[in-house]
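Colleague: I have not looked at this one before. Can you walk me through it?
Modeller: Here it is.

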Amino acid sequence: MYKVADLVAEHGEPLGLELVAGKEGLKRKILVPEVHRPGLGLANFTKSHAVKRLLIFGKVEIEYLRDLTSEERFYRLKPLLSPKTPAIVVARRYRPPKELVTLCEENHLPLFRGSMTTMKLLKKLTGHLSEAFAPSVSCHGSLLEVFGMGVLIQGASGVGKSEAALGLIERGHRLISDDIVKIKRGEGNVLEGRGVELTRHHMEIRGIGIINVANLYGIVCVREKINLDIVVKLEVWDDTHFYDRVGLEDKTIDILDSKLPFHLLPVKPGRDVVLLLETIALNHRLKQMGYHSAKEFSNKLLKTIARKKDGKKR
Amino acid sequence: MGKKDNQVLEKKLRVKNACGLHTRPATMIVQCLQKWQAEVAVSYKKKSVDAKSILNLLLLAVPKNGEITVTAKGVDAEQVLLELSNLFADYFGEKK
């Protein structure tokens, strides 16, 4: 569960948050990734007031409260502060009215002053909260950046994922994570993959042990996160399976309800998996730029056949 | 070792589907042949190619109503020709 304390620890400094009152309330849970400017609520209209939202007091709210008598401020602020409200942030480093400070202290509701302007704070906080609330999944596999594309390599244990990853790193591509990849769905259905803090940039290679790629190959060979573009599943070559030989059909795989291009890549001695992975990445980049090798070839062929049908030679 | 080991069978087949022998039918031929051991060659207008390679088959660019000759060599040549004729007779699953 995401708590106010987590938000402060992760983003407190860049947002310029300074705790004014309600320290005991830092363990309050943030239930929805939403922020709210109370505006109408202060004017005594509290019907359908969203109690779970984090409240932001901007210039207008503060100016409005200043025009009220002390008694009235108490009366107007009280209904807004629910036990479910995670926190209150006053923007532009305004000094919060002392009635608000008292109420927050009494109710153990964290009250902050933030250094940003109201709109910027609103935007940033919404962004951070939606990121924290984004659906995520952990999966088994290696995530690498190959020619700028995020390639997730999956496959059964022992099929050679880590070895393929090591080969790619050696060729100048970058490792995001080996073995465990945390995938999060961000805005616009983009899937962002990253490693787990503890094992980040470490690899376990059978017969060698645990190695630190960032130390071995240099910081240029690693990066923290990347958006996923392709999923490749390595599989031990199965003679009875008919593998894709044309590439006209674009297969996809569902991750967190997003569709990603998917390739099943059979592995056997003599097949240079590293080179094949590079080729998949490059071919995919070509497709993104609008050139589909297989389709282009197929069209050319159909034209050739059609010309023959007309009875003309060549 | 029976005498079937090195038997060579030949059959003429006609491509009946509208677009000729394009990528999809070629894939189906290769897919069908994968499980057999026989060496299979396809020839069209004096060009003969390996039927287990998609690009080879496509090189022929056989149009609709083109007649090809399939040569199968090996112990399972009979089954190979039977399956292939079924594929051709079925228009490779395309509309008749």
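**Chain B, then chain A**

Modeller: Chain B has three helices and four strands. Keep in mind that this is a predicted model.

Colleague: Which pattern does chain B follow along the sequence?
Modeller: The pattern is β-α-β-β-α-β-α. The radius of gyration of chain B is 13 Å, close to the 12 Å that the globule rule gives for 96 residues, so chain B is as compact as a globular protein of that length.

Colleague: What does the C-alpha trace of chain B span along its principal axes?
Modeller: About 45 × 25 × 20 Å.

Colleague: And how many of the 96 residues in chain B are buried?
Modeller: Buried residues account for 29% of them. As for contacts in chain B with a separation of 6 or more, 72% are between residues 24 or more positions apart.

Colleague: New topic. How many residues of chain A are in contact with chain B?
Modeller: On chain A there are 11, and they are in contact with 13 residues of chain B. The chain A side consists of six nonpolar, two polar and three charged residues.

Colleague: Now the helices of chain A. At what angle do α3(A) and α4(A) cross?
Modeller: Helix α3 (residues 70-77) and helix α4 (residues 98-107) of chain A cross at roughly 45°, and their axes come within 9 Å. The two are therefore oblique to each other.

Colleague: Is that crossing left-handed or right-handed?
Modeller: Right-handed.

Colleague: Which residues make the contact?
Modeller: From α3(A), A:S70, A:R73, A:F74 and A:L77; from α4(A), A:E99, A:L100 and A:L103. Four residues of this contact are nonpolar, one is polar and two are charged.

Terms used. Residues are numbered from 1 along each chain as its sequence is written. Chains are lettered from A and ligands numbered from 1 in the order in which they are written. This is a predicted model: local features need pLDDT of at least 70, side-chain atom pairs count only at pLDDT 80 or more; totals for chains, interfaces and linings use all residues. Two residues are in contact if their C-beta atoms, placed from the backbone, lie within 7 Å. Ala, Val, Leu, Ile, Met, Phe, Trp, Tyr, Cys and Pro count as nonpolar, Asp, Glu, Lys and Arg as charged, and the others, Gly among them, as polar. Axes are lines fitted to C-alpha atoms, for helices over the stretch in contact, and angles run from 0 to 180 degrees between N-to-C directions. Angles under 35 degrees count as roughly parallel, over 145 as roughly antiparallel, 65 to 115 as roughly perpendicular and the rest as oblique. A crossing is left-handed if the near helix is turned anticlockwise from the far one by less than a right angle, and right-handed if clockwise. The radius of gyration is taken over C-alpha atoms; the globule rule is 2.2 Å times the number of residues to the power 0.38. A residue is buried if 20 or more other C-beta atoms lie within 10 Å of its own, exposed if 12 or fewer, and partly exposed in between; C-beta atoms are placed from the backbone.
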